[in-house]
Every structure is written in C-alpha cells, then in structure tokens.
Amino acid sequence: MKHPKAQVVTVLALVLLASGCSQPTEQKRAFEVPDSLCDTPIPAELLSPVLPASGKKITEEQKPGNGYFRCTVSVDDNSVLNASWAWWEKGTKATKVAATQWGVKLDEHVSEDGTYTYSDKGGVGHVTCPEPSVPTRKTEGDLFAEIFISDDGQPDEEAMKNLIQAYAKAVSASSECVQK
C-alpha cells in the first residue's frame with residue numbers, strides 16, 4: 001500500500017456519505033404558524049422558531065382567571081409552549097416572577113432596566129400599561145407576561161428574547177391593560 005492515510009480518509013468519507021443517505025428525512029409542519037399567541041397578536045415569524053419543525057395540528061387551551069391568564073399551546077396533542085400573564089405586587093422584579101417557574105433558570109439574561117429576563121426555554125417580561133384616568137385595583141400592582149417552552153418545544157435564546165419582548169408589548173395593548 002503506497003498511501004494508507006489516503007485510503008483511510010477515502011473509506012471514512014464513503015462511510016459518512018453512506019450514513020448520511022440512510023438518515024430519515026424530517027417531517028415538515030402541516031400546520032400554519034398563527035399570527036397570534038393565545039389570542040394576543042404576535043408575528044408568526046417570532047413564534048415559529050420555538051415551535052416544533054414538524055407536526056400536523058396546533059391547538060390552544062386557554063384558562064382565564066381573575067387577575068391572571070394561562071394558555072397551553074400543543075402540537076399534535078403534545079404541549080410545546082405555555083403563555084400567561086398575571087398581576088403581581090407593585091415593585092416585583094422580572095427575576096422574582098421567573099424564579100416561580102419550576103426547572104427554568106432565568107437570571108442569566110436580564111435586561112439592563114430589569115424589565116425582562118429570558119433563557120433558551122422561557123422568558124418573563126414586565127408589561128407597561130397606560131395610566132388609567134381613574135385608579136383601579138390593577139394600578140396597585142405590576143403585570144407580567146410569561147412564556148415557557150415544554151419538553152417538545154424548540155429551545156432558542158435569541159428567539160425567546162424576541163418573543164417575550166413582543167408578547168409583553170402586545171399584552172400592554174390588551175383589554176387587561178387598557179381601560180375602556
């Protein structure tokens with residue numbers, strides 16, 4: 001054998017090429033990514049990166065309450081994302097709200113002004129509501145928006161940062177924030 005290294009490289013290249021050909025192709029999404037998150041307007045391009053790359057059907061289960069809202073987004077009956085908002089005591093920090101979520105450490109990426117924090121699997125954002133002309137119970141607290149990815153979701157730090165900022169801004173325009 002004149003060039004044993006060249007033969008080894010050739011054999012290795014052929015093995016890698018053959019194994020690449022035998023990989024199953026990933027199933028594509030059969031569902032359209034909505035332009036809202038639990039009835040809150042969110043551009044589909046911000047929601048898409050945290051949803052599974054495959055699946056047939058996307059559904060939402062909403063649970064509104066007095067001073068809070070929770071929603072579970074599922075793809076093919078598997079929970080992939082949870083979105084919520086809730087009123088907290090005035091002066092509460094986003095990191096305190098994030099600390100209440102099991103299994104998600106959200107103090108790694110905190111905005112300079114402390115209004116939001118995020119990780120690859122979730123985020124919390126302070127919602128800035130317009131000042132009402134008449135004080136209400138809601139003006140005595142702080143509203144926070146939260147998003148957390150389930151095990152079947154797609155963790156992505158940059159996507160979560162953009163999504164939590166957009167969700168908090170969209171909630172600020174909702175009926176929960178805007179007094180009519």
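Reader: Let's start with the sulfurs. How many disulfides are there, by the distance rule?
Author: This is a predicted model, so everything here is computed from its atoms. A disulfide is counted when two cysteine sulfur atoms lie within 2.5 Å. C38 and C71 qualify with an S to S distance of 2.1 Å, and C129 and C177 qualify at 1.6 Å. By this rule the count is two.

Reader: And which pairing do you get if you number the bonded cysteines in sequence order?
Author: One link joins C38 to C71. The other joins C129 to C177. Numbered along the sequence, the pairing reads 1-2, 3-4.

Reader: Is the disulfide of C38 and C71 left-handed or right-handed?
Author: Look at the torsion about the S-S bond. For C38 and C71 that angle is about -85 degrees, so the disulfide is left-handed.

Reader: How many residues apart in sequence are the parts that C38 and C71 tie together?
Author: C38 sits in the loop between β1 and β2, while C71 belongs to strand β4. Both ends are tucked away: C38 is buried at 3% relative accessibility, and C71 is buried at 2%. The pair therefore ties together parts whose separation in sequence is 33 residues.

Reader: Where does C177 lie, then?
Author: C129 is in the loop between β8 and β9, and the pair ties together parts 48 residues apart in sequence. Its S-S torsion is -85 degrees, which is left-handed. As for C177, you'll find this cysteine in the segment after α4.

Reader: Which helix holds S172, and is S172 buried or exposed?
Author: S172 lies in helix α4. Leaving out residues up to four places away in sequence, S172 touches V127, T128, P130, C177 and V178. Its relative accessibility is 17%, and the limit is under 20%, so S172 is buried.

Reader: What does Y167 touch?
Author: Setting aside residues up to four places away in sequence, Y167 touches L37, T40, I42, F69, A83, S84, W85, A145, E146 and I147.

Reader: Last topic, charges. How many salt bridges does the structure hold?
Author: E61 pairs with K63, with the closest N and O atoms 3.9 Å apart. K90 pairs with D142, also with closest N and O atoms 3.9 Å apart. The cut-off is 4 Å, and the structure holds two salt bridges.

Reader: Which of those pairs links distant parts of the chain?
Author: K90 is in the loop between β5 and α3, whereas D142 is in strand β9, 52 residues apart. D142 counts as buried at 10% relative accessibility. The pair linking distant parts of the chain is K90 and D142.

Key. Residues are numbered from 1 along each chain as its sequence is written. This is a predicted model: local features need pLDDT of at least 70, side-chain atom pairs count only at pLDDT 80 or more; totals for chains, interfaces and linings use all residues. Side-chain values use heavy atoms; hydrogens and water are left out. Helices (H or I, at least four residues) and strands (E, at least two) are DSSP runs, numbered from the N terminus. Buried means under 20% relative accessible area, exposed over 50%, partly exposed in between (1.4 Å probe, protein chains only). Contact means heavy atoms within 4.5 Å. A salt bridge is a side-chain nitrogen of Lys or Arg within 4 Å of a carboxyl oxygen of Asp or Glu.
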